[in-house]
Every structure is written in C-alpha cells, then in structure tokens.
Amino acid sequence: MRRIRNAAVGLLGLTGLPYLCYLAVAVILDPEGSPADKRPAEPTISIVLPTYNEERIVEGKLSELVDLDYPMEHVEVVVVDSSDDETRDIVRSFFADRDAPTLTLIEEDERRGLSPALNDAYAAAANEVVVKTDCDSRIAADALREAAANLADPSVRAVTGRNAEVLGGSAVEAGYRDIQSRIQVLESHLDSTLIFHGPFSAFENDAIVPIDSDSIADDSELALRIRKNGGRAVFDPAIRYKEAAHSEFRKRRQQKDRRAMGLLRLLWRQRSMLGGFGNYGRVVLPFNWWFMLISPWLLMTGLVLSSAAAVGLAGPLGLLVPAGVVAFVRAGSRDALGRLQPAYSLFDTQVSLFKASVTLLRGGGSEIWDVDQELRDVYE
Ligand SMILES: Nc1nc2c(ncn2[C@@H]2O[C@H](COP(=O)(O)OP(=O)(O)OP(=O)(O)O)[C@@H](O)[C@H]2O)c(=O)[nH]1
Ligand SMILES: [Mg+2]
C-alpha cells in the first residue's frame with residue numbers, strides 16, 4: 001500500500017514538474033512584456049472575420065472594428081461567411097454606404113469548417129498585415145497599433161494578445177488566463193510561443209501559409225508554421241481582448257475540450273519539430289508536450305492510485321480522498337475557492353486535455369462544431 005501511495009505522490013509531483021521548471025527559468029530571466037523591438041508603424045491591414053450563423057452579434061462586432069484607433073483608409077475587412085442565417089445580409093448592409101474600411105465578402109454555399117474558410121480568407125487578404133479575430137470577442141481600441149508595432153521588428157512575423165477581461169465573469173477562466181499569460185511571455189522571450197488566440201492573432205501577409213483543412217487549432221497552427229519557416233511568433237500582453245467563458249465544470253468541457261483536442265493534434269502532427277528550431281523546439285515544445293500530453297495522464301493515474309491507497313490504508317475513511325476531489329471540483333466550478341482558484345483552473349485544464357487525448361485516441365475530433373449560443377448572449 002505504501003508503494004502505491006509513493007507512486008501516487010511521485011506521479012502527482014511529476015505532473016507539476018514542468019511548471020516548477022518554467023517558474024525557475026522565469027525567476028532567472030524575469031521576462032516582461034513583448035520581446036519584440038516595438039516601434040510605431042502604420043502598415044495596411046486586412047482584418048479577417050470568419051462567421052457562422054452570427055446574425056445576433058455580427059453588427060456589434062463590425063461596429064467595434066470600424067471604431068478601432070487606426071486610419072480606416074488603410075484597412076480592409078475580409079468576412080468569410082458560411083452561414084445559413086441572415087449574417088451576410090447584415091454585413092453587406094453595414095458596409096453599403098461606407099467608403100472605409102473596404103469590404104471583401106467571401107460567401108460559402110456550404111459550411112466546410114473554419115480552417116478551409118480561413119485559408120480562403122487569407123488568400124484573399126490583400127494588405128501587408130493580416131489580423132484574424134473571432135466574432136464573439138471584443139478587442140481593445142489600440143490593438144491594431146500594438147500589433148503593428150510588434151511586427152515592425154523584422155524577426156517577428158506573428159503576434160497574439162492577452163485575454164484582459166473574461167466576459168461573463170468566470171474566475172476559473174480568468175485564473176487560467178493569468179497563469180497562461182505568464183507562461184506565454186516567458187516562451188516569447190525564449191523564442192516563440194505555441195498558443196495563438198482566436199480573438200486576436202496578427203500575421204505578416206507574406207508569412208502566411210495554408211493550414212490543414214481539418215485543423216481545430218487554426219491560429220496556433222499558422223503561428224507554428226510561421227516559426228517553422230524561420231519567423232518569430234510572440235505574445236504581447238499589451239494587445240488586449242475580451243472573450244466570454246463559462247465557469248461551470250460541465251459547460252466548460254465543450255469549449256475547452258475542443259480547444260485541447262486541436263492543440264494535442266497539432267503537437268502530435270508537428271512532432272518532428274522537437275529538438276530543432278532553437279529554443280522553440282528545445283524548450284517551448286517539450287514543455288507543452290509535457291503539460292498537454294503527459295501531465296494529464298500522470299494526474300489521472302495519480303488520483304486513482306491515491307484514492308486506492310487511501311482506501312487500502314484507512315478503509316472506508318479513505319473515501320474522503322475522492323470525496324475531497326469532488327468537493328474541490330464543485331467549489332472550483334462556483335468560483336468559490338478563493339486563493340486556490342488558480343490551482344483549480346489548472347486542474348480543469350488538465351481534465352480537458354485528458355478527455356481530449358482519449359477522444360483523439362478513439363478517432364474523434366470533428367472540425368465542425370455548434371456555435372455556443374449561451375456565450376453569444378453576453379455580446380448582444
Ligand atoms: N466561415 C466560418 N466561420 C466559422 C465556422 N465555424 C465557426 N466559425 C466562426 O469562427 C469564430 C470562432 O468560432 P467559435 O464557435 O466562437 O469557436 P470558439 O471560440 O473556439 O468556441 P466558443 O467557446 O464556443 O466561442 C466565430 O467567429 C465563428 O462564427 C465555419 O465553419 N465557417
Ligand atoms: Mg468563440
């Protein structure tokens with residue numbers, strides 16, 4: 001029984017090891033902000049907006065885009081629409097009496113999934129910089145300027161931003177995003193970051209290459225491919241956006257499990273990059289492999305073993321261990337853990353990654369998903 005207990009403690013320790021390593025490096029390097037040599041720049045920009053049945057919120061999103069602090073004569077909006085609702089009519093009438101920005105509307109007859117739609121939109125985008133943003137997000141007024149300043153550094157060819165406010169008030173998501181921001185700042189200073197965020201990702205147009213048509217981590221995949229071709233892909237916390245998220249364990253699964261699946265599949269397909277490409281392949285990718293592919297299995301095995309060991313050592317009283325885990329999930333889902341809330345956020349992420357790897361192993365992972373109407377309420 002002791003052995004099981006020791007194994008459980010060891011496994012749980014290994015789960016946290018990559019964090020401890022990253023923490024140690026962060027203390028030594030003390031990175032802050034974007035690593036780019038930022039300078040003011042005003043390139044022409046194509047804003048790519050993919051839409052699938054967004055009639056409730058698309059007008060609000062377009063209003064936000066035309067109000068951004070940037071000369072709109074230098075901006076083109078590329079909407080790629082796969083809807084069977086009124087979305088494209090709303091888009092057309094929004095631009096009907098407007099000179100700037102200009103509109104390029106790509107109308108799909110049939111929904112093929114987000115990645116093929118994005119590949120078409122990127123191919124149509126004519127300007128120097130391409131900014132991709134999701135309809136269900138809000139970006140800060142200075143986001144285009146901040147992105148342009150990063151891309152003015154010749155080594156930086158892609159940049160993403162920070163979720164500065166979680167709409168809907170989910171502390172679970174906010175807790176996770178804070179930890180993730182720190183990790184992404186460190187990764188960017190080491191070389192480049194892996195995860196690019198749907199609400200705001202910017203790329204130099206001539207660095208863009210097609211992504212896999214079944215990708216469910218489209219923004220991260222494009223950033224990774226750009227890094228593969230020699231450009232840097234960085235995270236700048238000064239680029240701010242807002243996005244809605246759930247707190248409740250069950251509701252979080254849909255969004256987080258799909259995102260996790262996309263990233264796992266991307267890591268696996270690009271496994272040949274491990275070990276090469278400077279610190280990206282030597283540090284950043286191995287950390288993400290550990291965190292996303294290995295830790296979830298260690299954690300789940302560790303939890304099962306520690307429950308078994310507790311029951312073996314203490315009889316029915318040992319059931320307090322699994323009961324404690326359930327209580328932790330219940331309280332965490334209600335944002336009621338106070339200072340422990342960030343730990344719960346990490347746990348929640350590990351659960352998603354575990355579920356995602358099981359789904360992928362069983363051959364699942366569709367590239368077409370239902371739009372979350374409840375999250376859309378926040379934007380109306
Ligand atoms: N053109 C096109 N756009 C899509 C398709 N699927 C989703 N979108 C759009 O892509 C963006 C991201 O989709 P979401 O459903 O919000 O994906 P998500 O943010 O990962 O998931 P949620 O957590 O549910 O918001 C939104 O602007 C959607 O309207 C598609 O098949 N074609
Ligand atoms: Mg979304």
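## A pair of strands to start with

Strands S4 and S7 run antiparallel and are joined by four bridges. Here, helices (H or I, at least four residues) and strands (E, at least two) are DSSP runs, numbered from the N terminus, and two strands pair if DSSP finds at least two bridges between them. Within this pair, Val130 stands opposite Phe203 in S7.

Before going further, a word on the model: it is predicted, so local features need pLDDT of at least 70 and side-chain atom pairs count only at pLDDT 80 or more, while totals for chains, interfaces and linings use all residues. Residues are numbered from 1 along each chain as its sequence is written, and chains are lettered from A and ligands numbered from 1 in the order in which they are written.

## The whole sheet

S4 and S7 belong to an open sheet of eight strands with mixed pairing, in the order S3-S2-S1-S4-S7-S6-S8-S5. At the edges stand S3 (102-107) and S5 (138-139); each has a single partner strand, so one side of each has no neighbour in the sheet. Strands of a sheet pair through backbone hydrogen bonds, either parallel or antiparallel.

Both senses can be seen around S6. Three bridges link S6 to S7 in the antiparallel sense, whereas S6 (residues 156-167) and S8 (residues 232-244) pair in the parallel sense over nine bridges. Follow Thr160 to see this: Thr160 stands opposite Ser201 in S7 and also opposite Phe235 in S8.

## Helices across the strands

Helix H3 (residues 87-95) lies across S1 (45-51), S2 (75-81) and S3, running at about 165° to S3. Helix H5 (residues 143-151) lies across S1, S4 (129-132), S5, S6, S7 (201-204) and S8, and runs at about 170° to S8. For these angles, axes are lines fitted to C-alpha atoms, for helices over the stretch in contact, and angles run from 0 to 180 degrees between N-to-C directions. Two residues are in contact if their C-beta atoms, placed from the backbone, lie within 7 Å.

## Around ligand 1

Ligand 1 is surrounded by 20 residues, of which the closest are Pro50, Ala117, Cys135, Gln255 and Asp372. A residue counts as near a molecule if its C-beta atom, placed from the backbone, lies within 6 Å of it. S1, S2, helix H4 (114-124) and helix H8 (249-269) each supply at least two residues of this shell.

By type, the shell has eight nonpolar, five polar and seven charged residues. In this count Ala, Val, Leu, Ile, Met, Phe, Trp, Tyr, Cys and Pro are nonpolar, Asp, Glu, Lys and Arg are charged, and the others, Gly among them, are polar.

## Two domains

The protein is divided into domain 1 (1-30 + 247-369) and domain 2 (45-245), with bounds from an automatic or database domain assignment. Taken over C-alpha atoms, their centres are separated by 28 Å. In all, 34 residues of domain 1 are in contact with 31 residues of domain 2. On the domain 1 side, helix H1 (2-29), H8, helix H9 (278-314) and helix H11 (341-361) each give two or more residues. That side divides into 17 nonpolar, twelve polar and five charged residues.

An unreviewed UniProt entry annotates residues 46-165 as "domain: Glycosyltransferase 2-like". UniProt positions are given in the numbering used here, feature names are shortened, and annotations may be inferred rather than shown by experiment. In the model, this span is 32% helix and 29% strand.

The unreviewed UniProt entry also lists residues 6-29 and 305-329 under "transmembrane region". Residues 6-29 are 100% helix, with end C-alpha atoms 34 Å apart. Residues 305-329 are 80% helix, and their end C-alpha atoms are 18 Å apart.

## Two backbone details

The peptide bond from Ala100 to Pro101 is cis, with omega near -5°; Pro101 sits in the loop between H3 and S3. Phe277, in the loop between H8 and H9, has a positive phi of about 60° although it is not a glycine.
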